[in-house]
Amino acid sequence: MNRFAALLDRLAYEPRRNGKIRLIADYFAHTPDPERGFALAALTGALSFRNAKPGLIRQLISERTDPVLFALSYDYVGDLSETVALMWPAPHGLNHTEPPPLSAIVHAFTHMGKAELPAVLASLLDRLDETGRWALLKLITGGLRIGVSARLAKTAVAALGERTPDEIELVWPGLEPPYEALFAWAEGRGERPETDDPAPFRPVMLSHPLEDTDFENLDPAQFRAEWKWDGIRIQAARGAGADGRHVTRLYSRTGEDISGAFPDLAGALAFDGAVDGELLILSEGRVQSFNVLQQRLNRKVVSPKLIMEFPAHIRAYDLLFEAGEDLRDLPFDARRARLEALIAAHPQDGRIDLSPIVSFESWDDLAAARADPASHGAGDDAEAVEGVMLKRADSFYVPGRPKGPWWKWKRDPHSVDAVLMYAQRGHGKRSSFYSDYTFGVWTGATSGEGELVPVGKAYFGFTDAELMEIDRFVRRNTVNRFGPVREVVHTATEGLVLEVAFEGLARSTRHRSGLAMRFPRIARLRWDKPPGEADRLETLERMIGDEGRAPRRPSLVLGKQQPAEEA
Amino acid sequence: MRPEELLHSTPQGLYSPAGDFFIDPTRLVPRALITHGHSDHARAGHGAVMATRQTLDIMAIRYGEGFAGATQAAEYGKRVELNGVGVTFHPAGHILGSAQIALDHKGCTIVASGDYKPGADPTALPFEPIRCTIFISEATFGLPVFRHPDPTEETAKLTDSLALFPERAHLVGAYALGKAQRVMALLRAAGHDRPILIHGAMERLTGYYQSQGIPLGDIRLAREVKPAELAGSVVICPPSAMTDVWSRRFPDPVTAFASGWMRIRARARQNGVELPLIISDHADWDDLQDAILATGCEELWVTHGQEDALVHWALLAGLRARPLHMVGYGEEEAETTAAPDTAAPETPEAQP
């Protein structure tokens, strides 16, 4: 456990991607099986310990520390595992015994009953040092959050020998910890591991955002366009197992198996292959908003009522595999033809359809379609369009985010100037800084008149340097405290103006202003602008009028990253 | 007499109505008593300043000789009277010249401790607990998550990394006054005998420490060293210089940062620190409790930092306690690489 804890500790501080790969590869090279295999499982998120809940950890720490001091510490540190690791009152003298190896810990936590868990966990925490406690808690609660993706860990496996990361990805589905065959193959000591999974995940192809300056280098004749749907990227894989029975799996774009959340959809599919598409909720033939889709996400129990009310649907745009044939080396146009044939042959039960091709001659044509999807073929579904996708007609399906073949061209966000009113400490990466901001606009007939009313809350969009500046501003200009929330000065002459970008507006009873912003983020700090010149509520209310088709963005769901991290 | 007549907080800082002077005022005042030379406590432009000889020297180095209308040097442990209020400076263990200021008047004693740290530090006289009625403490690290490890173990992290990466320069971010010189002294105590390279902003202060009889060994300006000699050397610079153009002269450096904040992972990561060194010149959670209890005080006032937690603890411990909610302090420890203001070179010749 100590070695694994040391690896996580170093990874947490290594900012460079190549540095991380080197650290992990070095650990793999110097750590025997099966220890390294369980470490790989931990880094790729392949381990899960159902009974080790944050609630248990809170219970253990609350039995040992003052609740107020714990609450203040947690608020400050922003991370439960780290707070507990630092506060844990370790008895003296126990640290001399070597803690058990990672494999033993994984085995114990996988097989232990719920009743034994608290005592076993407490005794392990007693025996570990601060780093060890942190690593153990991160491991068993399943959120390492050390800036290592599954892809990066697999890249480190590839770095052990002559393999490429994509080769590792291709054999990965169906492999299980501790991956001894995989390591043997990567090190050139063994055969390529065979997967017998009839419906494996294939790594997805991603696009780059299109900038205005990119157009001059792109030839419209070489591209196909589709709507960019505001749902969840999904891969539906279906195939016959050794026993002849078909297996269907639905994967998020990161390869997470989400079939369990959509049994209605998985049961309705009847093809043999792997379809790439968007998961949407359809009601009476119309695509529902992302807010509706969210009703079906992250549910522990998928009730028949939920399935009835929010039927899941795939809008297909690519075909990676069909009847044992890998289509990824075919150009887009050829794959598209195969996809159209597959959808045409599929039973017509409304569960899967084609994402239409948007026709255009010039970039201006496409800009017009993007600005008004409803009258360019999207019709009633225009509400669920958040832009257009551009795919080169000759592009192969390449895992990852290759630059050039695929582009996303999103609709433009809106922005307003608002005044910072309240700030709260953030969690995770932003912990211990005031990084959650509530901002408001003026109610009066002109800016600076009336009062400021909150219209939203944002916690990203700013740079680290800007975070420091705002944090300092908050600490120096606090006028009131409400528990963890600080009210900062906000008059017409004193205060901080934030340029807030957002995707849309809706009526809401949550804020006193009666408005709610979708996906607000801090675009710029306007130190130059006096608060009296910030925007007015009326300006925002006018925006609602032409907001009917505005796209909406989710928070973190099923591999859909927040743009702050995408940047 | 109410203690507030002896000392209370104002927007300018702690003020003594009985003695008509301020302690560590954040704005310009006619008469100021200064606990130590960090810029958030010691500002230029007051009418008259009373501080230890070393704090006055440090202020003169940072702001020039005319930093105040008049100055008066206070001797550690020697009581003087200002308008009938007894004033005694005692060592605070924070940095060279740092002091706690004890005020006594009509049987009431209040100790304003400034910033302080119990424990060994070759660069500062050790903190002494002073018996008092009211103790005024900072709470920069006033949460039970802050338990500073042994500084020699933290220094070993740096020397271990030097052994592991002998081809890379090790850039250590450290506040220019106090922390930088302490890191030098810790390295020397750990047996590191190569020249230590420094950023121009800390040249004069480091020279002053040496002139006060603190041995720091061979200290050289980084800008005067040939690029070939940078490999495997320790370079100490203000945190703000780590992300500055200045740091580009070091190829592929290991970036370290010496601060109590390095206890919190997110803080280290936010600053792109690869080698966090938890070395602090402030009392940690246990130190704060020990120091407060050692004064035998009946009441605790908390100036800045994590005042809520420390006040909560003090109330549980049976003391009267309240936060003063003072603003403007804590900049030196709060400083990070991304906030290049307080550690910026303060004198023109300090530019590298």
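Me: Which strands of chain A do the buried residues of α17(A) pack against?
Reply: This is a predicted model, where local features need pLDDT of at least 70, side-chain atom pairs count only at pLDDT 80 or more, and totals for chains, interfaces and linings use all residues. Residues are numbered from 1 along each chain as its sequence is written, with chains lettered from A and ligands numbered from 1 in the order in which they are written. Helices (H or I, at least four residues) and strands (E, at least two) are DSSP runs numbered from the N terminus, and a contact needs C-beta atoms, placed from the backbone, within 7 Å. The buried residues of α17(A) pack against β2 (223-229), β10 (357-358), β11 (385-392) and β12 (406-410).

Me: Within what arc do the buried residues of α17(A) fall?
Reply: Buried means 20 or more other C-beta atoms within 10 Å of a residue's own, exposed means 12 or fewer, and partly exposed is in between. In α17(A), residues 363-371, that picks out A:Leu366, A:Ala369 and A:Arg370 as buried. They line one face of the helix, because seen down its axis they fall within an arc of 100 degrees.

Me: Which exposed residues does the other face of α17(A) carry?
Reply: Look at the face turned away from the buried side of α17(A). There you'll find A:Asp364 and A:Ala371.

Me: Are α1(A) and α2(A) roughly parallel or antiparallel?
Reply: Helix α1(A) (residues 2-13) and helix α2(A) (residues 17-30) pack at about 170 degrees, axes 9 Å apart. Over 145 degrees counts as roughly antiparallel, so the pair is roughly antiparallel.

Notes
Axes are lines fitted to C-alpha atoms, for helices over the stretch in contact, and angles run from 0 to 180 degrees between N-to-C directions. Angles under 35 degrees count as roughly parallel, over 145 as roughly antiparallel, 65 to 115 as roughly perpendicular and the rest as oblique. The arc is that of the directions from the helix axis to the C-beta atoms. Two residues are in contact if their C-beta atoms, placed from the backbone, lie within 7 Å.
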